[in-house]
Amino acid sequence: MRITLDELKRTSGGKSVSSFNKIFQEYLDIKPYFVDNGFSYPTRRNIYHIPAMEEQCITISNKFALIELDAAIKGFFIQLLLLSQYGNIELIKKNIIKAIGIDKKTYDKYIIKLVGADLVSITTPLTLHTENILLENDFSKQKKLSTKKVNKIAEIDDNGNIIIPK
């Protein structure tokens, strides 16, 4: 995708994304390019090559961004979604606190906010309300990894998986 950091900031609702490239450098292939837009200073943007989705991932609707909650609470809810899908634990307070590594006060504060936003019901185990938020993963539109980018020792099978010979 081609986007400026200011556009990314507006989209994500963040106050500052100045360290975005540094933080995500290990995950994304970032290539800068310049656009001659007729001004004395061309606009600088980056091309972000986002890697293919992993097997154990979730897809969240853009409607989740419209929910008025702090980013930390939204992040906590996403962690709960991931735990419910792939954590292989019962979603009770003790297990969640241990898995995520937060203290009890923070857990209680976040759960109260999520209950207020009607994203969670306090039951045993915890009930997550994911209607119109959690979408089905669609792997069909993913690009296969180019064979030119793979070390010549490795091979790629028909599904795009990397096979490293022993």
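Q: What does histidine 129 touch, not counting residues up to four places away in sequence?
A: Histidine 129 touches Phe77, Asp118, Leu119, Val120 and Ser121. Each counts as a contact because heavy atoms lie within 4.5 Å. This is a predicted model: local features need pLDDT of at least 70, side-chain atom pairs count only at pLDDT 80 or more, and totals for chains, interfaces and linings use all residues. Residues are numbered from 1 along each chain as its sequence is written, and side-chain values use heavy atoms, leaving out hydrogens and water.

Q: What makes the link between the side chains of histidine 129 and serine 121 a polar contact?
A: Their side chains come to 2.5 Å. The cut-off is 3.5 Å between N or O atoms, one able to donate a hydrogen and the other to accept it; residues adjacent in sequence count only if both atoms are side-chain atoms. So 2.5 Å qualifies. Histidine 129 itself sits in the loop between E6 and E7.

Q: Why does leucine 69 count as buried?
A: Its relative accessibility is 19%. Buried means under 20%, exposed over 50%, partly exposed in between (1.4 Å probe, protein chains only), so leucine 69 is buried. This residue lies in the loop between E4 and H3. Leucine 69 touches Lys74, Lys113, Leu114, Ala117 and Leu119, not counting residues up to four places away in sequence.

Q: How do you know that the span of helix H3 agrees with its 16 residues?
A: The expected span is 1.5 Å times one less than the number of residues. For residues 71–86 that gives 22 Å, and the end C-alpha atoms are 22 Å apart, so the two agree. Helices are DSSP runs (H or I, at least four residues), and strands are E runs of at least two, numbered from the N terminus. H3 is followed by asparagine 88, whose phi is positive, near 50 degrees.

Q: Which residues of H3 are buried, and what do they pack against?
A: The buried ones are Ile73, Lys74, Phe76, Phe77, Leu80, Leu81 and Leu83. They pack against several elements, including helix H4 (93–100), helix H5 (104–116) and strand E4 (59–60).

Q: Why is the aromatic pair of phenylalanine 76 and tyrosine 107 called edge-to-face?
A: Rings of Phe, Tyr and Trp (its six-membered ring) pair if their centres lie within 6.5 Å; planes under 30 degrees apart are stacked, over 60 edge-to-face, the rest tilted. Here the centres are 6.0 Å apart and the planes 85 degrees apart, so the pair is edge-to-face. The pair joins helix H3 to helix H5, 31 residues apart. Phenylalanine 76 and tyrosine 107 are both buried. Ring pairs also link Phe76, Tyr107 and Tyr110 into a cluster.

Q: What places lysine 74 over the face of phenylalanine 64?
A: Lysine 74 is 5.6 Å from the ring centre. The rule asks for NZ of Lys or CZ of Arg within 6 Å of the centre and within 35 degrees of the ring normal. Lysine 74 is therefore counted as lying over that ring.

Q: What makes aspartate 108 and lysine 93 a salt bridge?
A: Their closest N and O atoms are 3.0 Å apart. A salt bridge needs a side-chain nitrogen of Lys or Arg within 4 Å of a carboxyl oxygen of Asp or Glu, so this pair passes. Aspartate 108 is in helix H5 and lysine 93 in helix H4, so the bridge ties together parts 15 residues apart in sequence. Aspartate 108 is partly exposed, at 32% relative accessible area. Lysine 93 is partly exposed, with a relative accessible area of 32%.
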